[in-house]
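Have a look first, then read on.

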Amino acid sequence: MTITTLSSRELNQDVTRAKKAAKSGPVFITDRGKLAHVLLSIEEYQRLTGSHRKIADLLAMPGVEDIELEIPPLRSLARPADLS
């Protein structure tokens, strides 16, 4: 694992470099010489968080309204209710 440190200015000037560096390890971003942020690949983030996602979080993701989902009805399981 390679650790990279970039200043905020370096990050702003070369985002592509930071994204490439994040593939091989965390990228620490400094602000006025102090550590302020960490850039991780999505795979590393999911590994660290256990990638347990809540359904509410998934439904709140941007662009989710554009996903088409067709769920066929399960008529074979439906039976009339016995109210006697």
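Helices here are DSSP runs of H or I with at least four residues, and they're numbered from the N terminus. Keep in mind that this is a predicted model.

With that in hand, take helix α3, which covers residues 42–49. R47 and E44 sit three residues apart in α3, so about one helical turn separates them. An α-helix has 3.6 residues a turn, so residues three or four places apart point the same way.

## The salt bridge

How many salt bridges does the count come to? The count comes to one. The side chains of R47 and E44 are the ones that meet, with an N to O distance of 2.7 Å. Side chains of opposite charge can pair when their charged atoms come close.

Are the two partners buried or exposed? R47 counts as exposed at 56% relative accessibility, while E44 is partly exposed with a relative accessible area of 24%.

## The sheet

Now for the strands. Three of them make an open sheet, ordered β1-β2-β3, with mixed pairing. The edges are β1 (4–7) and β3 (34–39), each of which pairs on one side only. On average, neighbouring strands in this sheet are turned by 30° against each other, ignoring direction.

β1 and β2 run in the parallel sense over four bridges, and T4 has V27 as its bridge partner in β2. β2 and β3 instead pair in the antiparallel sense, over five bridges, with L35 in β3 as the bridge partner of T30. The hairpin of β2 and β3 has two residues between the strands, and R32 takes a positive phi near 55° in it.

How many of the six residues of β3 are buried? The number is zero, so β3 lies largely in the open.

## The nonpolar core

Which residues make up the largest nonpolar core? There are seven in all: L6, L11, A18, A21, A22, V27 and I29. Two or more of these residues come from each of α2 (15–22) and β2 (27–31). The biggest giver is α2, with three residues.

Leaving out residues up to four places away in sequence, A18 touches L6, L11, V27 and L39.

The buried residues of α2 are A18, A21 and A22. Around the axis they cover an arc of only 100°, which puts them on the same side of α2. What do the buried residues of α2 pack against? They pack against β1, α1 (8–13), β2 and β3.

For K19, the relative accessible area is 54%, and the cut-off for exposed is over 50%.

Methods: Residues numbered from 1 in each chain as written. Predicted model: local features only at pLDDT ≥ 70, side-chain atom pairs only at ≥ 80, totals over all residues. Heavy atoms only, no water. Core = buried A, V, L, I, M, F, W, Y, C linked by side-chain atoms within 4.5 Å. Buried < 20%, exposed > 50% of the residue type's maximum accessible area, 1.4 Å probe, protein only. Contact = heavy atoms within 4.5 Å. Salt bridge = Lys/Arg side-chain N within 4 Å of Asp/Glu carboxyl O. Pairing = 2+ DSSP bridges. Axes fitted to C-alpha atoms, helices over the stretch in contact; angles between N-to-C directions. Arc of directions from axis to C-beta.
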